[in-house]
Amino acid sequence: MISKPDKNELRKVRHNRVRQRISGTAERPRLNVYRSTNHIYVQIIDDLAGHTLVSASSMEADLRDQIKDLDKKGVAHLVGKRVGERAKEKGIEAVVFDRGGYLYTGRVAEVAAGAREAGLNF
């Protein structure tokens with residue numbers, strides 16, 4: 001019998017390898033992306049203090065009306081824009097982008113584009 005590799009386990013290995021090199025600080029926190037099958041979650045994290053500074057997701061009640069007619073990439077762009085606006089309110093100008101082991105394409109790239117559109121620098 002042929003065994004298929006678990007894609008999520010491989011993603012976790014990639015994510016851990018990348019996390020050895022990047023870390024968020026108070027001056028330049030880490031923008032982390034997690035995508036499930038139906039939703040996308042974004043956090044801005046200060047790894048030195050171990051705190052989440054800002055977060056946004058497609059599960060938020062105030063986004064539900066806006067995302068009814070959008071596809072997953074459109075929702076990801078909107079969530080990235082939302083987290084960028086919240087970061088600007090908290091005084092965060094620049095972040096380190098952590099793609100979470102996912103390829104930088106599709107929904108992950110749309111989150112980055114939305115955050116850049118809101119004024120965050122990577």
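**Exercise 1.** Which residue just after α2 takes a positive phi?

*Solution.* Look just past the end of helix α2: G91 has a positive phi of about 85°. Helices here are DSSP runs of H or I with at least four residues, strands are runs of E with at least two, and both are numbered from the N terminus. This is a predicted model, where local features need pLDDT of at least 70, side-chain atom pairs count only at pLDDT 80 or more, and totals for chains, interfaces and linings use all residues. Residues are numbered from 1 along each chain as its sequence is written, and side-chain values use heavy atoms, leaving out hydrogens and water.

**Exercise 2.** Find the buried residues of α3 and work out how they are arranged around its axis.

*Solution.* First, apply the cut-offs: buried means under 20% relative accessible area, with a 1.4 Å probe and protein chains only. R107, V108, V111, A112, G114 and A115 of α3 qualify. Next, look down the axis: these residues fall within an arc of 160°, so they line one face of the helix. The arc is taken from the directions from the helix axis to the C-beta atoms.

**Exercise 3.** How many bridges join β2 and β3?

*Solution.* Strands pair if DSSP finds at least two bridges between them; β2 and β3 have six, in the antiparallel sense. Within this pairing, V42 is the bridge partner of A56 in β3.

How values were computed:
Buried < 20%, exposed > 50% of the residue type's maximum accessible area, 1.4 Å probe, protein only.
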